[in-house]
Amino acid sequence: MKLAFLIASRSLTSRKLRTAASMLGIAVGIGTVIAIFVIDHNTNLSQERRRSEDSARPDIEITPLHSNPAGVLDISRSLESIPGVLEATGAFFNGITLVRNERPIADLELCGLEPGKSETFSAYRIAEGRDLEPGDTEAFLLPRGLATRLEISLGDSIVVRRRRPPVRGCRDGQIVTVDEGGARDEDQVQSMRLVGLLAPERLGRRQLAITTFQASVKLFRDDHFLPIFWARLSSSTTAEEVQRRVQSDFTVSTPRFALAGEALEEKAFRNGVLASAMMALLLGLFIIFNSMSMSLNERIRQIGLLSALGTTRAQISAIFLAEGGILALSGGVLGVAIGLGLAALLKAYRITTLGLGERVDTFEIPLPAVSAVVGLGVLFALLGILWPLVKARRLSTTEALRSGRADFKDLRQRTRIGVYLVLVILIPLGFLGVSHLVVGGTQRMLLILLKAGGALAAVFGVLLFCPGFLTRATRWVLGPWSRLFRLETRLAESSMTGSGHRIFTSVTGLMLVFATLLGVKSITGSLQDETRQWADRALPPSLYVRSEPLDRMRLLELEELEGVRGVVPLTAEINSPFTIRGVEPESLARTARSAEQHRLVEKLSAGDGIVLSEYLARSYRYRIGDTIELPTFDGPRPYEVIGVSDAFGFFPDNRKYGLIREADMRRDFCRTNDSLTQLAVILEDGAAEHRVEERVRASLSSLEWLTIKRASAIRARHVREIERDFFIFDVILLLIVCLAALGMLNSLVIAALERRKEIALLRIIGLTRAQLSGVLLLETISIGLIGGVLAALLGVPVSWIVVQGLANVSGLGVAFELSPVLLIGCVLGSVLVSLIASLLPLRQAHRVDYATAIRYE
Amino acid sequence: MSQTATQPIVAASDVDKTYRMGEIQVPVLRSVGLEIAEGRFVAIMGPSGSGKSTLLHVLSGLDAPDRGRVLLEGHDVYALKDRARTLLRRDRIGFVFQFFNLVPNLTVTENILLPAMIQGQDPSERPPELATLIERFRLTGQADRFPHQISGGEMQRVSIARALFSQPRIIMADEPTGNISSRAGQEVMELLRACRDERGQTILLVTHNPRDAAFADRVHFLKDGEIAAHTTLEDDAVNEARILDCLKELDV
Ligand SMILES: Nc1ncnc2c1ncn2[C@@H]1O[C@H](COP(=O)(O)OP(=O)(O)OP(=O)(O)O)[C@@H](O)[C@H]1O
Ligand SMILES: [Mg+2]
């Protein structure tokens, strides 16, 4: 053991730059992934904590459109038969009065839930006593505090009397209470026994009693009102899809805490972040493995010498493990430190896996994930350092001792297959595991992933199994230089074709990084293009005014202002099952700009029709002519989709909305336009925004509060927000670019060490410093070029696939566009990174003391 | 040898060289003075660790001495800038080392052509001398192989061929026969001698082997970093015995 540590520590200290580069490679690789995992974990945690604290947590709430008390009990079974709905439960909220000795002691809400489902929906937690069981028709639960206050103890029976729910009606577009409801003497009563006390969390914080769904249906059986249903969804479906399936009978909505429609994009976004984290992990492991196994020939000779001297295989392993262990562990510790430090920085700057600006209040370390990453890193480092041993096992001692330039062709092939399997199978599987655990991807995302993985596998396959490819690429890249720098080109070529493994590693690293960069940047670019196109459609030159309630006269005044084409007031907005806005067709008619738009306005004014924004139509997959049952005040009512257009009805900042006639809004949803608080002021062509804004402000100057947003500012903000949201990707990209540079540095440092004698010899027989620099620079430029071009070859199809997938998943009309600037930037970036990485090794090469280097073998 | 009118092609005066490893100082060369006339074959002998290789490196401009001057064709080598010194080395000196003489990723031919390539020649237009050289060094079958595909003796022949190819005025060889069989060694020495005899090149040879040294015109004996003795050889058969005598006298 002493010997092992002696040799290991000598080997580490005698090549400080190499040791530092390897350790940093391990540390940055591990650190990047840890930082992302930690910030993702805490983003998630904080978001969950901030969600409504005193309610259950279903993914969706489903409200029946028709009252059907008889069938109520079967509804959750039938909901569960919808593909993608994991579990559903009825939730029945009604008013009751607790009665003791004929005297009412408290008015409470009674919540009926199906027994056994409370955990799925995080509805409550039993602090004492037992949970409800199926068939419990006379048992109930109370929050512990409430029970103490009411002096009811476990096991007590109490009389529960139902209260009638208030009856509401619509009068002149105002919702009024027709009948207050409340207790009636002849009301049904039931004796119930307190079986369990709730801990003060979720439903346990409210003033309510919980009983079984059956018990509450029985108690309220002849009152015709509807329970709601909660459901959890599998990752393969979305609220929109469930809505499509059940639209004739139910309205599906997403609870307050998950803003309607946002959840899906969030999932896609977080999956994207995690995918790039996996990319970082992949790259990190790749670099760790390679930097440890790089000086293969040297090590194999070392093994040969040691075993010739009588060192046992176990002893040799110990020496190698000691060296690898010291490196890997110190790299791992440093990596955890870097990772946590970075995560803290990300947190401080609010760079989260849900975009920029989300607040993260927690800083928990997800130990399983962190230790898995560190474990993987250390494992790959050890595998890398033990790799020469595996190879040496197949060689005799004398073979190993003989010149260091043995070709291990058959072994190389095995390495290749191994690397290939790891890359193509294990890593995507790992990603699936992570993404499923953390957020869950839809099946469509899975398909995207498979396709992208296929492209990766194809390019890797070419690189790994056609070793001639890189040689040819090298010649091809160096060719043009050979006229100018004949000698340098030849020397660079000979060194590159002679060290295929090193070139493969560097090229692959650069390729992965810049393909990722290309992918992320083209996604951001496509999203921004989409936003700009949307803005062209939906944001004519206009001003969006929010104020305290305005009266109609003010509108007329505004319409008279110079430069104003028309004013569109937002009369009312409802949010079930999605945002529906009421507008006056006449105001739209004044601002319509094409015959087509006029026709649409005409159709809308006929009533019972709805115009959907493109985003909404895409995500619910509605087409013109479809009928949508909307849950109106008097029950469901069919609306026909008469158009899909972004031309009307945008109000900051929701792009996913439907538009109905103001009169329909009043009739069906009982909302009026008496108090106008939101207006869109559409400008005449060529009118200066700021001028008109000044006039509008002057005209509305008597109002206490007033905000005006310019369309151009909204447009700019929407475009900018994409950049902001994707900032975390920039951080990840920066980190993996660093990682690639480190990997490159590492391989160059090792190459410089291995080539010390060669460099010394060349310098002795007259190669000038400039010529030596030329050789090394040509080499790095070629590696950078090949890496960059391969990155483009890989990145273009992958980003095409991802953008297509994004369009499919998000419902945004994103289209992939190849930006030549991005492509060129990618290639140049790759060259630049390899040049930067070569600076230190270049200096090292120049400082080779050639008189000493040439002395000994 | 008496001073001739012609300037010596290599001249060292008062050269000191000390290796420092932290506190410890290892004096290797102590006021060494040496002059080599053009066209001579000079051997340097001495016990292991006496500073032979160091002297060769100092003389060839690879390793600066702590004190003293080295003149190569009248140029003060260590007063020159790195680039000028490199070019001087490139154009005037051919090197043969004991170890690591060849660039591993270049073929035998390319290795031989290397100095010419460095001087800017196009390796694809094979000059006619190359064929002659390859034939003379019996490397015809090996011309397109890589160094790891040929034997140690062949490698050494390649390195001498390389040293000779651009016809440098000086050839410096550090134990060129140390690693190869005595038969191959004999061959190498004959080749070197031929360079001097046929082309008038100056040869500076470092060796342990009296048999090799016997090919020289003059032998310098190095002991404890000083030139302890030298002997001039005649063109006769008793050279080897004469060298052995000298070594015995110096107690090595
Ligand atoms: N880089 C160095 N640092 C310290 N000491 C050195 C260094 N290089 C050589 N020496 C010492 O200088 C002395 C002379 O070395 P040199 O290689 O010139 O001897 P040599 O005569 O060529 O020996 P050999 O016949 O064994 O090749 C030796 O004692 C050696 O230990
Ligand atoms: Mg020596």
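This is a predicted model: local features need pLDDT of at least 70, side-chain atom pairs count only at pLDDT 80 or more; totals for chains, interfaces and linings use all residues.
Two strands are said to pair when DSSP finds at least two bridges between them. By that criterion strand 6 and strand 7 (residues 170-174) of chain B are partners, because four bridges join these parallel strands. Within this pairing, Gly94(B) has Ile171(B) in strand 7 of chain B as its bridge partner.

Taken as a whole, chain B contains eight helices and 10 strands. Its C-alpha trace spans about 50 × 45 × 45 Å along the principal axes. Among contacts in chain B with a separation of 6 or more, 67% come from residues 24 or more positions apart. The accessible surface of chain B amounts to about 11000 Å², and carbon and sulfur atoms contribute 46% of that area.

The chain averages a pLDDT of 85, with 95% of its residues scoring at least 70. The highest confidence in chain B falls in strand 8 (residues 202-206), at 93, and the lowest in helix 8 (residues 239-249), at a mean of 76. For the complex, the predictor gives an ipTM of 0.83 and a pTM of 0.77.

Ser31(B) is not a glycine, yet it has a positive phi of about 25°. This serine lies in strand 2 of chain B, which covers residues 24-36. Is Ser31(B) buried, partly exposed or exposed? With a relative accessible area of 42%, Ser31(B) counts as partly exposed, because the value falls between the cut-offs of 20% and 50%. Glu73(B), also not a glycine, has a positive phi of about 50°. Glu73(B) is found in the loop between strand 4 (67-72) and strand 5 (75-76) of chain B. The relative accessible area of Glu73(B) is 17%, so this glutamate is classed as buried, the cut-off being under 20%.

Turning to chain A, there are 28 helices and 24 strands. Of the 857 residues in chain A, 55% are buried. Residues 24 or more positions apart supply 83% of the chain A contacts that have a separation of 6 or more. The accessible surface of chain A comes to about 36400 Å², with 56% of it belonging to carbon and sulfur atoms.

One sheet of chain A is open and has six strands in the order 17-18-22-19-21-20, with mixed pairing. Strand 17 (572-574) and strand 20 (627-632) of chain A are the edge strands, and each pairs on one side only. Neighbouring strands of this sheet are turned by 35° against each other on average, direction ignored. Inside the sheet, strand 19 (residues 609-612) and strand 22 (residues 657-661) of chain A run antiparallel and are joined by two bridges. Leu612(A) has Gly658(A), in strand 22 of chain A, as its bridge partner. Helix 21 (residues 662-669) of chain A packs on the sheet and touches strands 17, 18, 19, 20, 21 and 22 of chain A. The direction of helix 21 makes about 95° with that of strand 22 of chain A.

Elsewhere in chain A, strand 1 (residues 60-64) pairs with strand 12 in the antiparallel sense, over four bridges. Pro64(A) stands opposite Phe250(A) of strand 12 in this arrangement. Along strand 12 (residues 250-253), Phe250(A) and Val252(A) point one way, whereas Thr251(A) and Ser253(A) point the other way, and all are buried.

Note on methods
Residues are numbered from 1 along each chain as its sequence is written. Chains are lettered from A and ligands numbered from 1 in the order in which they are written. Side-chain values use heavy atoms; hydrogens and water are left out. Axes are lines fitted to C-alpha atoms, for helices over the stretch in contact, and angles run from 0 to 180 degrees between N-to-C directions. Contact means heavy atoms within 4.5 Å. Accessible areas come from the Shrake-Rupley method with a 1.4 Å probe; for residues, only the protein chains shown count as cover. pLDDT is the predictor's confidence in each residue, from 0 to 100. Buried means under 20% relative accessible area, exposed over 50%, partly exposed in between (1.4 Å probe, protein chains only).
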